[in-house]
Amino acid sequence: MKRLIIVESPTKAKTIKKLLGDSYKVVASFGHVVDLPTDRMGVDIGGTFDPEFCVIKGKAKIISELKRLCREADEVYFASDPDREGEAIAWHLKRIIGLDNKVLRITFNEISKEAIEEALKKPRDIDLNLVGSYLARRVLDRIFGYSLSPLLWRRFKSGLSAGRVQSVALKLICDREREIRNFKVKEYYRVKVKLVDELKREFFTYVTRYRGKKVDKIESEELARGIANLIKSGSIYLFDVIEKLKKEKPPPPFTTSTLQQSANSMLGYPVSLTMRIAQDLYEGLDIPGFGRRSLITYMRTDSTRISEKAAKSLKDFVRNLYGDEYVGKIKPRNVRFKNVQDSHEAIRPVNVFLKPDDISGRVKKEHWKLYELIHRRSVASSMSEAKILVKTFLFRLDPFDLELETKRQLLVFDGFYRVWRTQGFDEDLSLTKGRKVEVVDLEVEKEKTEPPPRFTEASLIKVLDEKGVGRPSTYAVIISTLLKRGYVERKKKTLVPTELGIRVCELLELLFPDLMDVKFTSQMEEGLDRIASGESSWKDVVKVFYDRFEWDYRKAMEAVKNNDI
DNA sequence: CAGTGAGCGAGCTTCCGCTTGACTT
């Protein structure tokens with residue numbers, strides 16, 4: 001009995017092969033093998049909406065090889081990812097290979113011997129509802145992209161592009177730029193007082209209230225100076241100390257988006273570099289003394305889930321290194337329940353016990369740094385909560401009705417902060433309630449309100465991820481598209497819209513306000529969910545969205561042709 | 001007669017999402 005398993009990725013194939021031994025042949029399709037044609041719409045717009053699928057350039061060889069292997073096999077299992085695109089890949093393969101009788105679909109959320117064997121026991125048919133949701137997604141993206149882009153060629157210049165994802169990303173950047181440009185800088189004053197505690201340590205406080213009113217940001221310089229003068233003629237005493245115990249939860253393990261964010265802000269890696277290195281770590285490196293090793297799990301994921309086995313290893317690791325009290329109490333509660341398609345685990349080390357120190361100097365510095373980051377984050381995610389005591393010291397000024405305040409964040413128990421420190425903490429102050437405090441220095445500070453910051457690659461991806469726009473495999477591509485089209489430029493670490501970017505964005509906002517709203521994708525996702533659950537047919541959903549679009553589009557094309565806009 | 005230049009027409013660009021190598025810089 002010859003049995004064949006087809007998956008998307010050659011690395012996944014290799015792993016499964018190792019787990020199952022010789023009884024199965026495991027091969028990869030290298031992602032999608034068919035898609036809409038690139039040189040034309042390829043969709044029967046306004047009619048049946050039937051898509052025209054073609055073999056993707058360069059994939060013909062893979063297909064013929066798969067066909068050959070399928071012919072030789074008695075049973076064929078499609079084991080692509082358990083999500084929308086995975087189901088679509090299986091569906092396309094089945095159609096193109098054309099061997100209906102012996103084709104079976106299996107899915108598993110974890111690449112382990114048990115999970116795969118379990119899946120092999122209960123193969124199912126291809127889920128046509130899920131495939132329908134893919135078809136709707138694919139067709140709508142094509143219609144929007146291949147209609148809007150030519151509009152821009154006509155209005156601006158050849159080669160430009162627009163689409164559901166990239167145009168929303170562009171709008172986020174342009175909106176922020178507008179906010180910055182329209183920002184009215186406000187000046188204000190603060191009265192800053194340097195005091196000394198009972199151990200002669202200096203610290204700052206700010207005046208917060210005067211005659212029952214908040215005065216932490218004072219508009220008039222005179223008032224600020226007046227308050228400062230009061231302090232000169234009065235005496236400050238500690239009125240009260242308010243204590244609040246705060247528990248800080250550890251961060252979840254990395255997803256693609258959070259890895260890109262952390263690597264960008266902490267290591268300074270552009271998103272594209274992070275993905276290239278992560279791919280290397282995933283596929284495996286030759287490490288002197290260790291042989292060829294895959295260091296991390298799959299790097300394109302939006303799940304924070306971790307396999308039970310890995311979770312146990314992480315806890316053992318923490319217990320060995322830091323002791324029981326550092327082990328996280330709760331099970332992985334960091335799972336996000338939105339439209340998580342949850343086909344892959346979070347990004348974590350394959351083996352936590354392979355410490356970054358062990359491979360230091362044996363892999364490239366860039367690779368080492370990213371592995372260290374992933375390792376540390378995974379360890380932190382399974383550690384205990386930190387406990388922070390927030391102490392608010394309230395001072396008063398005798399004999400005036402004036403209040404000063406200073407806050408101290410004291411680390412009571414570091415917990416996960418032991419390995420994942422994102423903020424600093426303070427030392428306690430030695431002060432006694434009711435006792436007078438000596439003033440060392442007094443200052444009226446002039447401050448300015450700051451406009452919001454420009455997006456960095458990291459902060460843009462954070463927003464896109466939160467809004468559900470784009471997928472892990474496309475975050476990096478979105479940014480490079482905006483750069484390639486000349487819509488956006490890199491300045492230092494930030495993304496700044498160009499004149500062209502702003503004009504394109506304004507035109508699209510004017511003509512297609514629906515599409516340019518970040519809510520559009522989530523509305524579309526709702527429609528896709530209805531298809532997946534069998535409530536709607538994919539063509540009905542496409543029709544609804546298309547009709548909405550078509551009306552705007554006709555008007556828009558007319559206006560652009562007549563040079564009205 | 002050969003070279004130049006204006007003017008015209010044809011052909012191309014483009015989406016999002018899944019995956020690696022095979023290219024060049």
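**Asp 83 is found in the loop between E5 and H3.** Helices (labelled H; H or I runs of at least four residues) and strands (labelled E; E runs of at least two) are DSSP runs, numbered from the N terminus. This is a predicted model, in which local features need pLDDT of at least 70 and side-chain atom pairs count only at pLDDT 80 or more, while totals for chains, interfaces and linings use all residues. Residues are numbered from 1 along each chain as its sequence is written, chains are lettered from A and ligands numbered from 1 in the order in which they are written, and side-chain values use heavy atoms, with hydrogens and water left out. Asp 83 counts as buried, because its relative accessibility is 11%; buried means under 20% relative accessible area, exposed over 50%, and partly exposed in between (1.4 Å probe, protein chains only). Look for Val 131 too: it lies 48 residues from Asp 83 along the chain, yet their C-alpha atoms are separated by 9.6 Å.

**Helices H3 and H5 cross at roughly 100°, and their axes come within 8 Å.** Axes here are lines fitted to C-alpha atoms, for helices over the stretch in contact, and angles run from 0 to 180 degrees between N-to-C directions. H3 and H5 are therefore roughly perpendicular to each other; angles under 35 degrees count as roughly parallel, over 145 as roughly antiparallel, 65 to 115 as roughly perpendicular and the rest as oblique. On the H3 side, the contact is made by Arg 84, Glu 85, Glu 87, Ala 88, Trp 91 and His 92. H5 contributes Leu 128, Leu 130, Val 131, Ser 133, Tyr 134, Leu 135 and Arg 137. Contact means heavy atoms within 4.5 Å.

**Helix H2 (residues 60-72) has buried residues on one face.** Ile 62, Ile 63, Leu 66, Leu 69 and Cys 70 are the buried residues of H2. Viewed down the axis of H2, they fall within an arc of 130°, so they line one face of the helix; the arc is that of the directions from the helix axis to the C-beta atoms. Turn to the other side of H2 and you will find Lys 61 and Arg 71 exposed. The buried residues pack against strands E1 (3-7), E2 (24-28), E4 (54-55) and E5 (75-78), and against helix H3 (84-97). At 1.5 Å a residue, the 13 residues of H2 should span 18 Å, and the end C-alpha atoms are 19 Å apart, which agrees. The expected span of a helix is 1.5 Å times one less than its number of residues.

**Ile 296 belongs to the largest nonpolar core, which has 131 residues.** A nonpolar core is a set of buried Ala, Val, Leu, Ile, Met, Phe, Trp, Tyr and Cys residues joined through side-chain atoms within 4.5 Å. Ile 6, Ile 296 and Leu 370 touch the most other members. Helix H5 (residues 128-155) gives the largest share of this core, 11 residues. Not counting residues up to four places away in sequence, Ile 296 touches Ala 278, Leu 281, Tyr 282, Ile 347, Arg 348, Pro 349, Val 350, Tyr 371 and Ile 374. Apart from this core lies another, of 25 residues, among them Tyr 189, Ile 231, Ile 236 and Leu 402.

**Helices H6 (residues 166-182) and H14 (residues 475-484) cross at roughly 70°.** Their axes come within 10 Å, and H6 and H14 are therefore roughly perpendicular to each other. Gln 166, Ala 169, Leu 170 and Ile 173 of H6 meet Ile 478, Thr 481 and Leu 482 of H14. The buried residues of H6 also pack against helix H13 (457-467), strands E16 (488-491) and E17 (494-497), and helix H15 (499-511).

**Gln 166 and Glu 177 are among the buried residues of H6.** Gln 166 has 15% relative accessibility, while Glu 177 has a relative accessible area of 5%. Leaving aside neighbours within four places in sequence, Gln 166 is in contact with Ser 161, Thr 481, Leu 482 and Tyr 487. On the same terms, Glu 177 is in contact with Arg 454, Val 496 and Pro 497.

**Lys 492 lies in the loop between E16 and E17.** This lysine has a positive phi of about 55° although it is not a glycine. Lys 492 counts as exposed, because its relative accessibility is 84%.
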